[in-house]
Amino acid sequence: MNGGSVARQRDTAGLVDAEKRFYKFRLGQISDLSIALSQVSGGGTMRLYNDTNRNGQFDFNDGPAVASGSGSLSSNRPISAVLPSTETYFLEVTRDFTFSTMQYDITFNTTQYPGNLPTDPGSEPTTAFNLGNLSRGGRLDARDYVGTVDNNDLYRFTLTEAATVTFAKADIAGSINTEVTIYQDQNNNNILELSESLGSVFGPQASTSLQAGTYYVLAGQFNLNNTAYSLSISA
Ligand SMILES: [Ca+2]
Ligand SMILES: [Ca+2]
Ligand SMILES: [Ca+2]
Ligand SMILES: [Ca+2]
């Protein structure tokens with residue numbers, strides 16, 4: 001899905017159809033996704049999953065649900081979540097057992113918040129995304145997603161000379177408070193120990209004096225809220 005609204009008219013779950021109906025899709029960019037049921041006769045629930053075992057099929061290993069919602073004659077609770085483009089998603093619409101049939105219109109709506117990275121940063125030094133070199137007057141920028149389907153993003157950069165370095169973060173969409181922590185692998189074992197933390201960015205930005213060397217920056221959501229964030233490192 002590449003932005004805007006996609007409506008599917010008149011789907012049913014129940015009677016001649018199965019009790020559940022599935023929709024499979026991908027997102028072209030990091031997106032704020034909403035899925036709503038309307039014009040509902042009967043009632044049912046929606047559950048959104050990602051293909052966690054990456055086999056292209058919805059199966060019992062794909063869980064727990066990323067988000068949920070519902071729809072009935074009297075009330076509608078849409079699904080709403082910021083989610084990345086790295087995943088295949090499955091939406092399950094289940095008819096409430098109290099109704100023999102459920103008929104509904106379903107609307108997918110996306111607002112895109114594109115990232116600027118070719119691949120998702122991993123969570124260890126060996127899979128960190130390399131932002132490259134930073135020298136005085138320079139600036140490195142990253143925009144990506146962290147949350148329920150991708151818990152953290154680790155970046156690496158090399159400071160070419162001693163400098164005062166400013167780390168700035170912002171939440172572009174979704175839940176607030178992406179956590180950003182700076183590390184240095186002081187014992188060179190490719191593991192970031194807690195004792196190798198140089199500190200965290202608590203406000204919108206923080207500055208510190210650093211010697212030339214290689215540093216790591218971890219962005220994460222410890223409460224696993226879904227966030228599109230930006231990170232900039234300048235010297
Ligand atoms: Ca699967
Ligand atoms: Ca990410
Ligand atoms: Ca990641
Ligand atoms: Ca280490």
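A: Start with one pair of side chains. Thr 178 and Asp 171 are joined by a polar contact of 2.6 Å between their side chains. Keep in mind that this is a predicted model.

Where does Thr 178 sit? Thr 178 lies in the loop between β13 (163–174) and β14 (179–183). Is Thr 178 buried or exposed? Its relative accessible area is 2%. The cut-off for buried is under 20%, so Thr 178 counts as buried.

Now look at what surrounds this loop residue. Neighbours within four places in sequence are left aside here. Thr 178 is then in contact with Val 146, Lys 169, Asp 171, Ala 219, Gly 220, Gln 221, Thr 227 and Tyr 229. Asp 171, the partner in the polar contact, is on that list.

Next, step back to the whole chain. The domain assignment gives domain 1 as 4–112 and domain 2 as 125–234. The C-alpha centres of domain 1 and domain 2 are 34 Å apart. The C-alpha atoms of the chain fill a box of roughly 70 × 30 × 25 Å along the principal axes. The chain has 18 strands and zero helices. Of its 235 residues, 43% are buried. Take the contacts with a separation of 6 or more: 79% of them are between residues 24 or more positions apart.

From Thr 178, go across to Leu 91. These two are 87 residues apart along the chain, and their C-alpha atoms are separated by 27 Å. Leu 91 is also one of the contacts of Ile 79, again leaving aside neighbours within four places in sequence. Others include Leu 33, Ile 35, Met 46, Leu 48 and Ala 67. Ile 79 and Leu 48 are 31 residues apart in sequence, yet 8.1 Å apart in space, C-alpha to C-alpha. Ile 79 has a relative accessible area of 0%, so this residue is buried. Its place is in strand β7.

Nine residues of domain 1 are in contact with nine residues of domain 2. Together the two domains bury about 640 Å² between them, with 77% of it on carbon and sulfur atoms. On the domain 1 side, Ile 30, Val 82 and Pro 84 lose the most area to domain 2. Those three make up 64% of what that side buries. Strand β7 (residues 79–83) gives the largest share of the domain 1 side, three residues. By class, that side has seven nonpolar, one polar and one charged residues.

One more stop: Glu 92. Glu 92 is in strand β8 (residues 88–95). With a relative accessible area of 6%, Glu 92 is buried. Its side chain makes a polar contact with the side chain of Lys 20, at 3.5 Å. Leaving aside neighbours within four places in sequence, Glu 92 is in contact with residues including Lys 20, Arg 21, Phe 22, Met 46 and Phe 58.

Thr 178 is a buried residue, and its side chain is joined to that of Asp 171.

Methods. Residues are numbered from 1 along each chain as its sequence is written. Chains are lettered from A and ligands numbered from 1 in the order in which they are written. This is a predicted model: local features need pLDDT of at least 70, side-chain atom pairs count only at pLDDT 80 or more; totals for chains, interfaces and linings use all residues. Side-chain values use heavy atoms; hydrogens and water are left out. Domain bounds come from an automatic or database domain assignment. Contact means heavy atoms within 4.5 Å. Buried area is the accessible area (1.4 Å probe) that two parts lose on being put together, summed over both. Helices (H or I, at least four residues) and strands (E, at least two) are DSSP runs, numbered from the N terminus. Ala, Val, Leu, Ile, Met, Phe, Trp, Tyr, Cys and Pro count as nonpolar, Asp, Glu, Lys and Arg as charged, and the others, Gly among them, as polar. Buried means under 20% relative accessible area, exposed over 50%, partly exposed in between (1.4 Å probe, protein chains only). A polar contact is a pair of N or O atoms within 3.5 Å; within protein, one must be able to donate a hydrogen and the other to accept it, and residues adjacent in sequence count only if both atoms are side-chain atoms.
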